[in-house]
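Here is a short briefing on charged side chains. Please have the sequence and the model open as you read.

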Amino acid sequence: AAAGADGAPKEPEEGKESKEIEEAKLEALKSLTKLQSIEPKEQRAKEYRLLLRKWHPDKNPDNVEVATALFQFLQKGKQLLNLAT
């Protein structure tokens with residue numbers, strides 16, 4: 001097995017999950033970018049809430065780790081959409 005920075009063996013599963021999270025974040029970023037062009041602001045907010053709901057950990061019991069990471073990522077992305085209250 002490959003060794004990490006501290007010399008300990010890396011778990012292959014950990015790398016796979018990280019890659020899965022990175023790919024999901026990239027997809028989410030593309031979605032956020034598309035949402036930026038939606039007018040009026042109320043419609044943009046509605047689409048944003050739908051995206052949040054899609055990635056809510058409770059809606060993804062089979063993939064909680066990825067869903068949690070994406071949900072938190074999307075919450076930070078709210079600033080991109082000028083929806084911050």
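This is a predicted model: local features need pLDDT of at least 70, side-chain atom pairs count only at pLDDT 80 or more; totals for chains, interfaces and linings use all residues.

Residues are numbered from 1 along each chain as its sequence is written, and side-chain values use heavy atoms, without hydrogens and water.

**Salt bridges**
- The structure holds three salt bridges (a side-chain nitrogen of Lys or Arg within 4 Å of a carboxyl oxygen of Asp or Glu).
- Lys19 pairs with Glu23 at 4.0 Å, N to O.
- Lys19 and Glu23 sit four residues apart in helix α1 (residues 12-35), so about one helical turn separates them.
- Lys54 and Glu27 form another salt bridge, at 3.6 Å, N to O.
- This pair links distant parts of the chain, with Lys54 in helix α2 and Glu27 in helix α1, 27 residues apart.
- Glu39 bridges to Arg44, with the closest N and O atoms 3.1 Å apart.

- Arg44 lies in helix α2 and is buried, at 6% relative accessible area.
- Its partner Glu39 is exposed, at 59%.
- The Arg44 side chain also reaches the backbone oxygen of Leu81, at 3.0 Å.

**Positive patch**
- Lys46, Arg49, Arg53 and Lys59 form a positive surface patch (like charges joined within 9 Å, from residues with over 30% relative accessible area and no salt bridge).
- Arg49 belongs to helix α2 (residues 41-54) and is partly exposed, at 47%.

Key:
Patches are made of residues with over 30% relative accessible area and no salt bridge: like charges are joined within 9 Å, nonpolar side chains (Val, Leu, Ile, Met, Phe, Trp, Tyr) within 5 Å. Accessible areas come from the Shrake-Rupley method with a 1.4 Å probe; for residues, only the protein chains shown count as cover. Lys and Arg count as positive and Asp and Glu as negative; His and the chain ends are not counted. The place of a charge is taken as NZ of Lys, CZ of Arg, CG of Asp or CD of Glu. Helices (H or I, at least four residues) and strands (E, at least two) are DSSP runs, numbered from the N terminus. Buried means under 20% relative accessible area, exposed over 50%, partly exposed in between (1.4 Å probe, protein chains only). A polar contact is a pair of N or O atoms within 3.5 Å; within protein, one must be able to donate a hydrogen and the other to accept it, and residues adjacent in sequence count only if both atoms are side-chain atoms.
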